[in-house]
Each structure stands twice: as C-alpha cells, then as structure tokens.
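Hi everyone, thanks for coming. Let me put the structure up and then walk you through it.

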Amino acid sequence: MSSISPLQQSPQEPQLQYVQAAPVHRANFPTNRSLTKFILLGIITLGIYQIYVIARAGEDLNTIASRYDNKRTMNYWLVALLLGWLTLGIMQFVWRHGTSNRIGNEQARRGQARTISSADFWLWCVLGSLIIVAPFVFMYKWLHAMNGLCADFNERG
C-alpha cells in the first residue's frame with residue numbers, strides 16, 4: 001500500500017505526441033522546352049502548341065517569381081487570342097518585354113547567370129527580325145532560361 005494519499009499525488013503530465021510533418025510538395029514544372037519541338041509542333045498544330053508553351057511558361061513564371069516580386073504576368077491565351085488583335089500586336093510586344101525582364105530578374109535572384117532580359121527581346125526578336133534567324137535565337141534563349149528557372153524551382157522550391 002502506498003502511504004501517499006490521492007490528494008498528495010502530483011498530477012500526471014500530459015504526454016506530447018510528435019507528429020512528423022508532411023514532406024513539402026514541390027511542383028514539377030517541365031524542363032524540356034526545346035526550340036525544335038516548339039517549331040515543329042507549332043507548324044503541325046498551326047501555332048496552337050506555341051501559344052500553349054508560352055502560356056504555360058507564363059503561368060510557371062507567376063508561380064516561381066510572384067511571391068518575390070509581387071507581380072503577375074497576364075495570361076498569354078488572352079494576349080494572343082484577344083488583346084493581340086485589338087492592339088494590332090502591341091500587347092504581345094509588351095508581354096514578351098515584361099516576361100523577359102522578369103525571367104532575368106528571377107535568374108539573378110536565384111544566383112543564376114542572367115541569360116535574358118528585355119533588351120534581348122528588343123535586340124534579338126524585334127531588331128533582329130531583319131535577319132530571319134535572330135527571333136529563333138531569342139526564343140531559344142527564352143525557353144532555355146525558363147527551363148533553368150523551372151529546374152531550380154523543382155529542386156529548391
């Protein structure tokens with residue numbers, strides 16, 4: 001028998017249960033955007049694939065960069081199918097200028113080499129359209145930069 005009365009017993013400490021936190025789910029953004037596929041599937045689908053790839057890259061850019069730069073890139077489907085026609089193509093220039101700059105800024109923020117900027121857009125895509133191959137060089141750089149951002153985000157978040 002115990003000589004301690006029930007009133008003298010110390011209250012039992014609650015048992016803490018440790019629950020392991022769920023693993024952080026990282027997005028799995030595509031990192032296989034290539035210029036060859038962009039051109040060939042764009043020809044086969046009459047440009048729909050090209051609009052899809054650019055629109056998807058814009059959405060990915062919003063997910064990757066918006067929490068740091070507090071900006072949102074307009075949906076490219078809206079730009080390509082409606083606003084581009086209404087503004088006689090000017091809105092597409094504005095959209096590509098802005099996304100090129102955002103991609104370069106996000107590359108710099110992540111410690112990557114800044115491979116694209118809005119100046120690249122104006123020099124390669126607009127001024128370079130005088131020589132046929134320059135807009136393709138710009139598109140290669142743009143797709144490659146998005147692949148790099150997406151790969152870094154898939155790895156580090």
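Residues are numbered from 1 along each chain as its sequence is written, and side-chain values use heavy atoms, with hydrogens and water left out.

So, the overall picture. The chain has six helices and zero strands, which in order from the N terminus gives α-α-α-α-α-α. Helices here are DSSP runs of H or I with at least four residues, strands are runs of E with at least two, and both are numbered from the N terminus. Of the 157 residues, 36% are buried. Contact, for today, means heavy atoms within 4.5 Å. If we take contacts between residues at least 6 apart in sequence, 62% of them join residues at least 24 apart.

A word on confidence. pLDDT is the predictor's confidence in each residue, on a scale from 0 to 100. Its mean over the chain is 86, and 83% of the residues reach 70 or more. Where should we hold back? Over residues 21-25 pLDDT stays under 50, and the model has zero contacts beyond four places in sequence for them. Where pLDDT is low, the predicted coordinates should not be read in detail.

Now to the inside. By a nonpolar core I mean a set of buried Ala, Val, Leu, Ile, Met, Phe, Trp, Tyr and Cys residues joined through side-chain atoms within 4.5 Å. The largest one has 30 residues, and those touching the most other members are Phe 38, Ile 54, Tyr 76, Ile 103, Met 139, Trp 142 and Met 146. Two or more residues of this core come from each of α1, α2, α3, α4 (90-109), α5 (118-126) and α6. Take Met 139: leaving aside residues up to four places away in sequence, it touches Leu 35, Phe 38, Ile 54 and Arg 96.

Let's look at α1. Its buried residues are Leu 35, Phe 38 and Gly 42. They sit on the same side of α1 because they cover an arc of only 60° around the axis; that arc is taken from the directions from the helix axis to the C-beta atoms. The cover over these buried residues includes α2 (48-69) and α6. On the face turned away from the buried side we find the exposed residues Thr 36, Ile 43 and Ile 44.

Helix α3 can be read in a similar way. Buried here are Tyr 76, Val 79, Ala 80 and Gly 84. Their arc around the axis is only 90°, so they lie on the same side of α3. What covers them includes α2 and α4, while the exposed residues Trp 85 and Leu 86 are on the face turned away. At the start of this helix, a side-chain oxygen of Asn 75 comes to within 2.8 Å of the backbone nitrogen of Trp 77.

Which backbone angle stands out just after α1? Leu 46 takes a positive phi of about 60° there, although it is not a glycine. Leu 46 is in the loop between α1 and α2, and its relative accessible area of 78% makes it exposed. Just after α3, Leu 88 also takes a positive phi of about 60°. Leu 88 belongs to the loop between α3 and α4 and counts as exposed, at 78% relative accessibility.

My last stop is a pair of residues. Glu 106 is in helix α4 and, at 3% relative accessibility, counts as buried. Setting aside residues up to four places away in sequence, Glu 106 touches Ile 64, Ala 65, Tyr 68 and Leu 149. Leu 149 lies in helix α6 (residues 134-156) and is buried, with 0% relative accessibility. Beyond four places in sequence, the contacts of Leu 149 include Leu 61, Ile 103 and Arg 110. Its C-alpha atom is 6.7 Å from that of Gln 107, a residue 42 places away along the chain.

Conventions:
This is a predicted model: local features need pLDDT of at least 70, side-chain atom pairs count only at pLDDT 80 or more; totals for chains, interfaces and linings use all residues. Buried means under 20% relative accessible area, exposed over 50%, partly exposed in between (1.4 Å probe, protein chains only). A polar contact is a pair of N or O atoms within 3.5 Å; within protein, one must be able to donate a hydrogen and the other to accept it, and residues adjacent in sequence count only if both atoms are side-chain atoms.
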